[in-house]
Amino acid sequence: MKARFYKLTELHQKLDAAIRREIRRRSPDQFKVMTLKRRKLRVKDMLSRLTAGAMRA
């Protein structure tokens, strides 16, 4: 479980950095930003489910 948690946390950070990079561009692609934010939210949901499952066990 720790490896999966680490990978998801790392992916969450990478998506956050990609969002910030895209927003800083001169003319950011709003569709790309929206897609990245959705992916980041999905990863956040997976992390919360993983954490909640560990709390119950």
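This is a predicted model: local features need pLDDT of at least 70, side-chain atom pairs count only at pLDDT 80 or more; totals for chains, interfaces and linings use all residues.
Figure 1. Along the principal axes, the C-alpha atoms fill a box of roughly 50 × 15 × 10 Å. What is the chain built from? Its secondary structure comes to two helices and zero strands. Of the 57 residues, 21% count as buried.

**Figure 2. Helices H1 and H2, side by side.** Two packed helices are described by the angle between their axes and the distance between the axes. Here, H1 covers residues 2–24 and H2 covers residues 30–56. Their axes come within 9 Å and cross at roughly 160°. Angles over 145 degrees count as roughly antiparallel, so H1 and H2 are roughly antiparallel to each other. Is the crossing left-handed or right-handed? H1 passes H2 in a left-handed crossing.

**Figure 3. Zooming in on where H1 meets H2.** On the H1 side, the residues that take part include Arg4, Phe5, Leu8, His12, Leu15, Asp16, Ile19 and Glu22. Across from them, H2 brings in residues including Lys32, Leu36, Lys40, Met46, Leu47, Leu50 and Thr51. What kinds of residues make up this contact? They divide into 13 nonpolar, three polar and eight charged. Now look at how contacts span the sequence: among those in the protein between residues at least 6 apart, 69% join residues at least 24 apart.

**Figure 4. A close-up of Leu11.** Leu11 is found in helix H1. Leave aside its neighbours within four places in sequence, and Leu11 is in contact with Arg39 and Val43. Both of those partners are among the H2 residues that meet H1. Leu11 and Lys44 are 33 residues apart along the chain, while their C-alpha atoms are separated by 9.7 Å. Is Leu11 buried, or is it partly exposed? With a relative accessible area of 30%, Leu11 is partly exposed.

**Figure 5. A close-up of Ile23.** Ile23 lies in helix H1 too. Which residues does Ile23 touch, not counting those up to four places away in sequence? They are Pro28 and Val33. Ile23 and Val33 are ten residues apart in sequence, and 7.3 Å apart in space, C-alpha to C-alpha. As for its surface, Ile23 is partly exposed, with a relative accessible area of 47%.

How values were computed. Residues are numbered from 1 along each chain as its sequence is written. Side-chain values use heavy atoms; hydrogens and water are left out. Axes are lines fitted to C-alpha atoms, for helices over the stretch in contact, and angles run from 0 to 180 degrees between N-to-C directions. Helices (H or I, at least four residues) and strands (E, at least two) are DSSP runs, numbered from the N terminus. Angles under 35 degrees count as roughly parallel, over 145 as roughly antiparallel, 65 to 115 as roughly perpendicular and the rest as oblique. A crossing is left-handed if the near helix is turned anticlockwise from the far one by less than a right angle, and right-handed if clockwise. Contact means heavy atoms within 4.5 Å. Ala, Val, Leu, Ile, Met, Phe, Trp, Tyr, Cys and Pro count as nonpolar, Asp, Glu, Lys and Arg as charged, and the others, Gly among them, as polar. Buried means under 20% relative accessible area, exposed over 50%, partly exposed in between (1.4 Å probe, protein chains only).
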